[in-house]
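Here's a quick briefing for anyone opening this structure for the first time. Have a look at it, then read on.

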Amino acid sequence: MKPVLLAAMTATSALGAGLAATLGALRERRSALAQCHFESARLDMQIGAVPDLDAVDLPAPLAAFACRNNRLAQLGLMQDGFADAVRNSAARHGADRVGVFLGTSTSGILETELAYRERDPDSGALPRRYDYAHRHNSFSVTDYVRRALGLTGPAVTISTACSSSAKAFPAAARMLAAGMIDAAVVGGVDSLCLTTLYGFHALQLTASGPCRPFDVRRDGLSIGEAAAFVLLERAPAGVAPEAILLQGIGESADAYHMSSPHPQGAGAREAMQRALDAAGIAPELVDYINLHGTGTPSNDSAEGHAITSLFGTGTRCSSTKAAMGHTLGAAGALEAVICALALRHGLLPGGLNTHEPDPRLALRYETVNHDLPLRRVLSNSFGFGGANCALLFGRA
Amino acid sequence: MSELVACIEGVGVLGPGLSDWNATAAVLAGERPHVSARTVLPEPTALPATERRRAGRLIRLALAVGAQAVGQSGREARTLPSVFSSSGGDGENLHAICEALATPERLISPTRFHNSVHNAASGYWSIAQGCTLPSIALCAFDASFGAGLLEAMAQVAETGEAVLLIAYDADYPPPLYAKRPIPDAFGVALVLGPAGAPGARATLRVGLSADMADTIADPVLEAMRTSIPAARALPLLERLARGSGHAPAGVVLDYLDTARLRVRIDA
C-alpha cells in the first residue's frame with residue numbers, strides 16, 4: 001500500500017489527557033487501574049476510568065449529544081491541538097474533503113441502561129428526555145465529532161467489537177487511496193458502561209486483580225475507556241524523516257467462534273502476514289509488536305502462537321493494557337498512538353504486572369522499558385466475532 | 001468530482017412484502033402490485049446448530065439477503081470479503097440486556113452479551129460460510145446504506161476484487177420502538193465486482209452530491225424508504241429493476257445531512 005501520514009494525533013485514557021500524560025505514564029511505568037466503582041457497579045474487578053468526565057461540557061449547539069461517550073470524545077479532541085490541526089486541514093482541503101472514521105463498541109449505551117431504570121411503571125415507556133439517536137446509537141460519536149470539527153465529508157462508525165478503531169484505519173485509508181477524501185479523522189472512543197462490565201464478568205473474562213497480560217497466572221482482562229484520534233493524510237513526496245507513517249494494514253476473520261479466538265491464532269497470524277505483505281517487508285524488520293494482549297488465558301495463548309509461528313521468538317513484544325485497561329473499541333486507535341509515540345521517542349514500553357511470562361508462549365515479552373531506536377512497529381487488535389486487524393507503523 | 005466504480009454481480013432483498021430480488025424487481029418495475037405483509041425471515045440453515053439457536057432476527061435477515069446475492073453472483077461466499085452496515089444493533093437483544101441491567105441481580109447471559117456486538121451478523125456470516133477474508137461492520141444511523149455502499153466500492157477500488165455488501169435493519173421492540181420507530185425488517189445485499197467483470201448486471205459510478213435524494217412514486221414503498229434505513233437503497237433497486245432504456249440512468253440516494261450519493265448506472 002501507499003504509506004499514509006499521521007499528520008496529528010492525541011490520546012486520552014485513564015493514564016491522563018493528551019500525549020504528554022500518556023508518554024509520561026508509560027515512561028514511569030504507571031498503571032491507572034483501580035477497583036471498580038463505576039456508577040452503581042460493585043464488581044470484583046479493576047478498571048481504568050477517566051476521571052471527572054461528567055464535568056466535560058459539550059459546545060452548546062451540540063448539547064443533545066451529551067453522554068459519557070461524547071464527553072470523552074470532546075475531552076480527547078481538546079488535547080494536543082488536535083481540533084486545530086483538523087480545522088487547518090479542512091481549511092486547506094475543504095471541509096467536505098475530510099472524512100471521519102471512528103471506532104466504538106458500545107457508544108452511549110450507558111444512557112439506555114440508565115433510562116431503563118426510569119421506565120414508567122405502568123406503560124413501560126422510557127423517560128421523555130431519553131434520546132436514542134444522539135446519545136446511544138453507534139453513529140452518535142462520529143456524528144458528534146464531525147459536527148464539533150465542522151466536517152462535512154464521508155462519516156462512518158466502524159464497530160467490530162475490540163478491533164473497531166483499528167479497522168477504522170483501513171476504512172479511511174481506502175477512501176484516501178480512492179481519492180474520495182484528502183484527509184481523515186480516524187480514531188476510537190469507547191466509555192465505561194454496565195453492559196461491558198457485567199457482560200465480560202458473565203463470560204468470566206475479567207481478571208480478579210489488575211490484568212497480567214501473558215503472565216503464566218493471567219486470569220482475565222481489565223476494562224478501560226479511552227478516546228484516541230489520528231489525522232491521516234496522503235504522505236507527500238519527500239516527507240520529513242521524523243514523520244510517522246501507516247505503512248501496512250492486514251485484516252482477517254477467524255470464522256471460528258463468536259467470543260473465543262481460534263486456539264492457534266490462525267486469523268491473527270493471517271492479519272499480521274497481510275500487514276507485512278502490504279508494507280512489503282519481512283517479519284525480521286519489525287522492531288516491536290504492541291500486542292492485543294488482553295490478559296485472558298485464551299486470547300493471549302492464541303496471539304502468542306500466532307506471533308511465534310510468524311515471527312519466531314526474537315521479536316520484542318509487550319501489551320500496554322495493564323496500564324489503562326482494555327479500552328475495547330478505542331484500543332486499536334489508542335495503541336496506534338502508543339506505537340507512534342514509541343517510534344517518535346524511541347521508547348519500547350515494557351508490559352506492567354507480568355512477573356512470570358508464560359513459558360508455553362515463547363515470545364520475547366518485554367517487562368521493562370527500553371530506550372532504543374525503533375523503525376517499524378506492529379499493533380494488533382482482535383475482536384469478538386473474529387474480526388482481526390494488524391497495523392504496521394514506521395518512520396519515513 | 002471523485003467517483004468510485006464497480007459492477008453489480010448479484011442482488012438480494014428481503015423486506016415487508018418483498019421475499020427476494022425477483023419478487024422485488026417485479027414490484028419495482030411495476031409488473032406486480034406490492035402486497036403489504038410482515039417481513040418473513042428464513043431459518044439460518046447455513047449456521048451450525050449451536051449458532052443457529054443463538055441467531056436473532058437481525059442476524060437471520062443479514063444471512064438471508066447475503067446468501068441471495070452471493071447465489072445470484074455465481075461466486076462462492078468464502079471468496080468474498082464483506083461489508084456489513086446496519087443503523088443499529090439487534091433490538092430484542094439490546095432490550096433483554098437493558099432489562100436485566102435494570103434489575104438488582106444484573107445477570108446478563110453470555111450469549112446475549114456476545115450477540116450485542118455490532119458485528120454479530122458479520123461474525124455469524126464468516127462462521128456460516130467458513131470465510132476468513134476481512135469483514136467490516138459499519139453504522140451511520142440513517143446514512144448506513146450509503147456508508148456501506150461507499151466502503152464496499154472503495155474496497156473494490158483498492159483490491160480489484162469482488163466484495164459482498166449487506167445493509168440490514170430490523171425493528172426495535174417497545175419501549176425502544178417509541179424512540180426509534182423502525183416498523184419492520186429490511187435487508188439488501190449486493191455483490192460488487194470490478195468494472196467489466198463477466199456476467200455483471202450494471203456498472204455503478206458513485207460520487208457525493210449536494211442534490212436531494214430521489215423518492216419512490218409508490219407511497220407504501222416510499223414510506224419504507226424513509227422509515228427503514230437499509231431501504232434507502234430502493235431508488236437504486238428500482239433503476240436496476242427497470243433495466244436500461246429508462247431515463248434517467250442516474251439516481252440520488254439518501255446519505256448524510258451534508259451529502260447524498262449520486263449513482264450513475266450503465267447497463
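Where the two chains meet, 54 residues come from chain A and 51 residues from chain B; residues are in contact if their C-beta atoms, placed from the backbone, lie within 7 Å. Keep in mind that this is a predicted model, where local features need pLDDT of at least 70, side-chain atom pairs count only at pLDDT 80 or more, and totals for chains, interfaces and linings use all residues. Residues are numbered from 1 along each chain as its sequence is written, while chains are lettered from A and ligands numbered from 1 in the order in which they are written.

**Where the chains touch**

- On the chain A side, the elements that give two or more residues include α4 (109–117), α7, α8 (194–202) and α9 (266–279) of chain A; helices (H or I, at least four residues) and strands (E, at least two) are DSSP runs, numbered from the N terminus.
- Sorted by class, that side of chain A has 27 nonpolar, 18 polar and nine charged residues. Here Ala, Val, Leu, Ile, Met, Phe, Trp, Tyr, Cys and Pro count as nonpolar, Asp, Glu, Lys and Arg as charged, and the others, Gly among them, as polar.
- Strand β6(A) runs antiparallel to β3 (residues 135–139) of chain B, joined by two bridges; strands pair if DSSP finds at least two bridges between them.
- Facing Ile158(A) is Leu138(B), in β3(B).

**Two crossing helices in chain A**

- Helix α7 (residues 164–177) and helix α12 (residues 331–345), both of chain A, have axes that come within 4 Å and cross at roughly 75 degrees. The axes are lines fitted to C-alpha atoms, for helices over the stretch in contact, and angles run from 0 to 180 degrees between N-to-C directions.
- Among the residues making the contact are Ser164(A) and Phe169(A) of α7(A), and Gly332(A) and Ala336(A) of α12(A).
- This helix contact has six nonpolar, three polar and no charged residues.

**A covered strand in chain B**

- Seven of the seven residues of strand β4 (residues 163–169) of chain B are buried, so the strand is largely enclosed by the rest of the structure. A residue is buried if 20 or more other C-beta atoms lie within 10 Å of its own, exposed if 12 or fewer, and partly exposed in between, with C-beta atoms placed from the backbone.
- Both faces of β4(B) are covered, with Val163(B) among the buried residues on one side and Tyr168(B) among those on the other.
- β4(B) pairs with β2 (residues 82–85) of chain B in the parallel sense over four bridges, and Ser82(B) has Leu164(B) as its bridge partner.
- β4(B) also pairs with β5 (residues 186–193) of chain B, in the antiparallel sense over seven bridges; Ala167(B) stands opposite Val188(B) there.

- Eight of the nine residues of helix α10 (residues 234–242) of chain B are buried, including Leu236(B) and Arg239(B).
- Just past α10(B), Gly243(B) has a positive phi of about 75 degrees.
- Ile265(B) sits in strand β8 (residues 260–266) of chain B and counts as buried because 21 C-beta neighbours lie inside 10 Å.
- Arg239(B) and Val251(B) are among the residues that Ile265(B) touches, leaving out residues up to four places away in sequence.
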